[in-house]
Amino acid sequence: MTITPVILCGGSGTRMWPLSRGGYPKQFLNLYGDESLLQQTATRLKGLPDVAAPLLISNNEQRFLVAEQLRAVGVAKAKIVLEPVGRNTAPAVAAAAVIALENNPDALLMVLPSDHVITQGEVFQDLVLQAASVAAQGKLVTFGIAPTEPNTGYGYIRRGGQLPASNTSFDVAAFVEKPNAERAAEFLATGEYYWNSGMFMFRADVYLAELAKFQPKMLEQVKLAVAASTRDLDFVRLDTDAFSACPSDSIDYAVMEQTEHAAVIEAAGLGWNDIGSWAALAEVSAADENGNNLVGDVMVEGVSNSYIRSENRMIAALGVDNLVIVETADAILVAHKDRVQDVKTIVNRLQAAGRSESVTHRKVYRPWGSYEGIDSGARFQVKRIIVNPGASLSLQMHYHRAEHWIVVSGTARVVNGDQNLLLCENQSTYIPIGATHRLENPGKFPLEMIEVQSGSYLGEDDIVRFEDTYGRVGTK
């Protein structure tokens with residue numbers, strides 16, 4: 001039976017702020033290693049036989065991020081399904097199951113969160129093959145992480161009887177909510193409990209059959225949403241009305257805690273971490289002789305057991321212990337390791353105050369490249385723009401601002417009103433208010449430019465698109 005990886009790409013980006021933001025959550029970040037967590041997940045089954053192209057569940061705002069990151073690691077033919085609204089994991093996986101069955105009536109789904117770290121890839125692939133053999137018999141298999149400490153941040157799974165012909169697979173006796181410290185210690189002592197990893201393996205038809213028993217309304221709306229879905233470039237857009245009417249629930253609550261066919265496979269030795277906080281990331285990151293995890297331009301003296309990360313500027317720390325310090329271009333987090341789970345309270349306060357730092361970075365990614373704010377003031381704004389080779393911005397105009405474009409490196413093909421220009425390094429052009437214009441990189445190397453905006457209003461919503469390679473027309 002062919003395995004179809006289903007990668008869940010949602011997430012609000014609150015727990016790893018300020019690096020992770022609402023518009024750029026942690027799965028897109030290179031938090032561990034040289035690839036993003038999403039890229040690591042998308043290539044995690046590479047080399048296994050009978051594995052189909054992955055099916056990813058994402059949203060409209062992050063669709064180009066997903067597509068670009070997959071392209072960068074050579075994951076071809078992936079299907080990216082866009083949810084119009086978030087409805088938790090049970091409907092998302094149901095949509096994936098319905099779509100997978102259209103191509104393969106025997107599809108096995110390997111459900112993977114996109115933001116976890118697994119350091120032992122060979123061990124993971126071996127467990128996937130074991131889980132596939134159990135799931136092929138009609139079981140809904142969850143991966144239970146063998147606990148190493150009485151952690152209170154995870155839900156737990158209590159195993160039941162051992163399944164035939166498997167030393168590591170068991171019936172599920174119970175799912176348990178996140179315990180207090182005393183109960184977690186008791187769970188660890190028994191040796192019968194696992195952490196709930198959020199990874200699953202099951203036949204697509206079995207999952208939908210169980211969903212029909214326990215959440216028939218959910219399944220009905222998902223089927224309607226898939227049936228009325230539309231194609232947009234390489235994306236599949238689920239129907240907004242049908243999916244919005246779908247009940248919201250997780251796989252655990254909707255199916256796994258109610259089905260009689262739940263099984264758990266003991267996932268030991270994976271090097272698994274869900275990167276649920278900066279302290280969790282520190283646990284899997286390389287440390288120096290003083291227990292410090294130092295990333296970027298960091299200088300320390302008399303510092304111990306601290307995670308310090310610099311993205312732009314040098315950080316100097318002196319005589320501190322057990323801290324997390326994370327610097328970005330527009331925000332710095334300083335927290336005691338014991339309090340990093342509370343970073344979401346800072347994000348909530350930023351959102352309540354209408355601060356952009358909860359959602360976007362100074363550097364904003366677009367399907368054609370990126371732009372980064374350098375300076376701003378009354379009636380002006382300066383940006384650094386990178387356009388990928390062969391990419392182009394939309395044909396557009398602005399009502400309230402003029403723009404000056406200066407090429408720093410690369411070649412720019414510019415439409416400026418009635419003019420068609422080819423600009424090279426150190427050349428520039430002026431775009432008056434109301435002029436129709438377009439920027440394109442016809443070269444083989446990134447185009448770097450400085451854009452100076454001036455006018456009475458400089459918001460990103462002052463834009464009218466007439467033509468666009470990425471399907472964005474009008475003011476959206």
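Before the close-ups, one term: two residues are in contact when heavy atoms of theirs lie within 4.5 Å. Keep in mind that this is a predicted model.

**Close-up A. Helix α11 packs against a strand.** Here we look at α11, which covers residues 343–352. The buried residues of this helix pack against β19, the strand made of residues 332–336.

Close-up B. Which residues of α11 are buried? They are Val343, Val347 and Leu350. These three sit on the same side of α11 because they cover an arc of only 60° around the axis. Now go to the face turned away from that buried side: Arg349 and Ala352 are the exposed residues there.

**Close-up C. Just past the end of α11.** Stop at Gly354, which comes just after the helix. Gly354 takes a positive phi of about 70°.

**Close-up D. An open sheet of four strands.** Read across the sheet and you get the order β14-β16-β18-β19, with mixed pairing. Why do β14 (293–295) and β19 count as the edges? Each has a single partner strand, so one side of each is left without a neighbour in the sheet. On average, neighbouring strands of this sheet are turned by 5° against each other, direction ignored.

Methods: Residues numbered from 1 in each chain as written. Predicted model: local features only at pLDDT ≥ 70, side-chain atom pairs only at ≥ 80, totals over all residues. Heavy atoms only, no water. Buried < 20%, exposed > 50% of the residue type's maximum accessible area, 1.4 Å probe, protein only. Helix = DSSP H or I, 4+ residues; strand = E, 2+ residues; numbered from the N terminus. Arc of directions from axis to C-beta. Pairing = 2+ DSSP bridges. Axes fitted to C-alpha atoms, helices over the stretch in contact; angles between N-to-C directions.
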